[in-house]
Amino acid sequence: MELFLQQLINGIVQGSIYALIALGYTMVYGVLRLINFAHGDVFMLGAFIGFYTANLLGISQPSVGALILVMTVSMAGSAAVGLVIERFAYRPVRKFSRLTSLITAIGVSLLLEYAAQFVFGATPKSFPTIFETQNISLFGNVTISNDSILIIIVSIFLMVMLNLIVFKTKLGKAMRAVSFNLDVAKLMGINTDFIIAFTFALGSALAAAAGILYSVHFTKIDPLMGLLIGLKAFVAAVLGGIGNITGAVLGGLLLGIAEIMVSGYISSSYKDVFAFLILILVLIVKPAGLLGSAAQEKV
Amino acid sequence: MLQLQDLHVSYGAIKALKGITIEVKQGEVVTLIGANGAGKTTTLRTITGLLTPKQGKVLFEGKDISGTPTHKVVAQGICMSPEGRGVFANLSVEENLELGAYLASDPARIKSDLEKVFALFPRLKERLKQISGTLSGGEQQMVAIGRAMMARPRLLLLDEPSLGLAPLVVKSIFQAIDEINKAGTTVLLVEQNAHTALKHSHRAYVLETGTIVLEGSSEELAADKRVREAYLGE
Amino acid sequence: MNTLLRILAWLGASIVAVTIVESILKSLKNYQIMGSDIITDYGLNIICLMGISISLAVSLQLINGYTGQFSLGHAGFMAVGGYVAAFITKSTLTGANPPDQSLLGTLPVYIFALCAGALAAAIAGLIVGIPSLRLKGDYLAIVTLGFGEIIRLVIENIEAVGGPRGYIGIPKFPKWTWLSAGGFEGTFSSLSWIFLFIIITIIVVHNIVESSFGRSLVAIRDNEIAAEAMGIDTSFYKVLAFTISAALAGFAGGLYAHLYGQLVPNTFNFVRSVEIIIMIVFGGMGSITGAVLGAIILTGLPEWLRIMAGLRSDSLPSWINKSLGYLPDLRMIIYSSLLILIMLVRPQGILGNYEFSLSKLLGKSSKNLPKTTEEKKA
């Protein structure tokens, strides 16, 4: 029982990170019907921007202020990266087939990974301590570290903010209109290019936040860190129902918990196989995911 | 008010419009009738900037607007209720109508426009919080037209408002169109239902495979032998 | 009977041709021009790698280019074929009672192993293809990516083939000498295996494309619903094309295993699949010529870059020297930028669906292949 609870806590922490990244996949898929392969790499860039910000500012004392500062800079920087990618890679190919966009996205992903290896170096770096971590004993042998609590709290906060933006603001209404039907959204006078760019910025900022939280928790960062996590977060988005914001959060948490359980009770070497099996099963059996509605592929 | 001059539009190698010239004057209801695939929807999509013409001009109040992004065309006062109703099925009726007023920022104006739409379509007031996808076809058409009116268009483009609706519903929709026009909005109406369209318009154009084959006052055309045979089923 | 004879004649002629080419290349190793070797072992190795890339690219072209089904799992099938073939040769040729290592003793083992690898990859292709090919576009891409990764991860967990550390000690292709006269030595070794397989792959894919089966595939690519309405059993054809493509990739994997004598699971991750895709996208979707060209240029890219880096000299400005020095590290950056650039400028690839043919070159009648969807859109 104690083991199970401990696993559950670890799963929720892992799942929160997946969920934050999955949100970006799902929003971009919603407005563009594009699997943004480069999204996992924006997560990586977020971590590196945080790394350099903390080092350049010479943050020596961990503090909440330092964390907020680093996270804000990283989110803003990554949002800018997201905007650049959208403007110069994805927008020009939008007029071609969706497959062209997909190949472009794969290209952008590889470019970010290898450019990062070239610029930052391929060896893992230690993320500076901007947040003092300590374990808190809950009961029995079950513990939770304060950075795990931080991850959960920040994730909830960002998800609530996102929900407010999407469901309570005019911009959010326009985003939902664009994701339903691009042409009709244009007929409302919506500048759809702007809305799409905004969606990219928003998703990228969330991925950067996930990057910082991940780095605080796992302390090591490297240029390929976004590859597998990005794919997993995509699995989470698909699991929840791609295009569905609540689905992304649900999918992220489920995947995180399931993965930790598999590695705890079966074998850690099969947890990645498990994630891909979920992906395949969902796409083949119920492509709309847990919360998605209509079939995605139109003729 | 609106002039299409020698408009050519193609989808890849397929020519959808082969040089059409149309004029809509202030205060008119002009209808464009024709069979499926004649190029009616293409014409409307070109006016709103969803398509760019290969050749020719779209003049709105004397200004060439061809190639202008759609959202800027809408800002100039042209609104379209798209074919197949095109309501945002995932949003409520209220949200749909609010999106119609996307470019307006004054809450008082939006509120008074909302009242005008309710006066036109009282049914929508009852359905305000309902998700649009669950409405009947006629109600969705009302949302689409009401939503277009929320932008206070000077020129309203209607794409097949009678499509798939029961005769009684068609009648009420066209009554609303008459009222909209009387209140001062110019209307360009695209219809397959030539009978009703000619009854509710001042002038008409007949479109066949991308070219205008006939034009004149709606009364004249309704009496024309060719129109009667081809479009009125006589 | 007639066709069988023709195939055998083709095969025989090809074997003779490739061994002669290999022998010439190898004998050139003894000569030098202006003090530097014309061909080195390293160079021969690159040529072998290019050959394997060509086979992979041409086989992927069948499913991605001609059938229009975007698969992202080709490296997985290559891995299946490689591991199965390597397992057979390693356990047979180095086991308790290895056969005599003569041509007649080992040749059947290699042929059997390579074919078994291809068969295993075909079965894997069937297992992946049947459920996946009901999906379209990016969903299909993602599912095949998932299957490819699962194949790799499963291999990583099989200790009998070395697990994540890799499978080592796989017997390499031996060198068989069939003629030795007047300083000339006719040999048949890895290079010949690979050349021969390129020829087989190109003939198989070319003949499929020119057949009614191939026309059905192109019809599926251009408009699946219309193809179905015309009575084409689209699922059957898609799965068949996918399986053939996987089998060819498996065979290429077997060649790769016996060329290097070792296999590492991580080299078969999805980046490898993407590299093959870049080759066909670069050369042109729906063109065998394009796939060959793309494979040669992109497999050779590290070498081209190294050669350019070698141009550094004291007479050049230092910033040029410095940039040239970076070039070899930029391989993947150039790869990915190239991919993006092609998508932006010419999404149908450099050659589009152009095919090189001798008859066309000689001014004879040329065939008009249907245009790709991209070209129609543009």
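## Helix H9 of chain C

Helix H9 of chain C is mostly covered, with 21 of its 27 residues buried. In this predicted model, the helix runs over residues 234-260, and its end C-alpha atoms are 39 Å apart, which agrees with the 39 Å that its 27 residues should span at 1.5 Å a residue.

## Chain C as a whole

Chain C, to which this helix belongs, has 15 helices and six strands. Because its radius of gyration of 22 Å is close to the 21 Å that the globule rule gives for 378 residues, chain C is as compact as a globular protein of that length. Along its principal axes, the C-alpha trace of chain C spans about 65 × 65 × 50 Å.

Of the 378 residues in chain C, 45% are buried. When the contacts in chain C between residues at least 6 apart in sequence are considered, 77% of them join residues at least 24 apart.

## The side of chain C that touches chain A

Contact between the two chains involves 35 residues of chain C and 32 residues of chain A. On the side of chain C that touches chain A, the elements giving two or more residues are helix H5 (137-156), helix H10 (270-283), helix H13 (331-345) and helix H15 (373-377) of chain C. The largest share of that side, twelve residues, comes from H5(C). In composition, the residues on the side of chain C that touches chain A divide into 23 nonpolar, six polar and six charged.

## A helix pair in chain A

Two packed helices are described by the angle between their axes and the distance between the axes. In chain A, the axes of helix H1 (residues 2-32) and helix H5 (residues 146-168) come within 9 Å and cross at roughly 35°, and the crossing in which H1(A) passes H5(A) is left-handed.

Which residues of the two helices meet? From H1(A) they are A:Ile9, A:Ile12, A:Val13, A:Ser16, A:Ile17, A:Ala19, A:Leu20 and A:Leu23, and from H5(A) they are A:Ser148, A:Ile151, A:Ile152, A:Ser155, A:Leu158 and A:Leu162. The residues of this contact between H1(A) and H5(A) divide into eleven nonpolar and three polar, with no charged residue.

Terms used
Residues are numbered from 1 along each chain as its sequence is written. Chains are lettered from A and ligands numbered from 1 in the order in which they are written. This is a predicted model: local features need pLDDT of at least 70, side-chain atom pairs count only at pLDDT 80 or more; totals for chains, interfaces and linings use all residues. Helices (H or I, at least four residues) and strands (E, at least two) are DSSP runs, numbered from the N terminus. The radius of gyration is taken over C-alpha atoms; the globule rule is 2.2 Å times the number of residues to the power 0.38. A residue is buried if 20 or more other C-beta atoms lie within 10 Å of its own, exposed if 12 or fewer, and partly exposed in between; C-beta atoms are placed from the backbone. Two residues are in contact if their C-beta atoms, placed from the backbone, lie within 7 Å. Ala, Val, Leu, Ile, Met, Phe, Trp, Tyr, Cys and Pro count as nonpolar, Asp, Glu, Lys and Arg as charged, and the others, Gly among them, as polar. The expected span of a helix is 1.5 Å times one less than its number of residues. Axes are lines fitted to C-alpha atoms, for helices over the stretch in contact, and angles run from 0 to 180 degrees between N-to-C directions. A crossing is left-handed if the near helix is turned anticlockwise from the far one by less than a right angle, and right-handed if clockwise.
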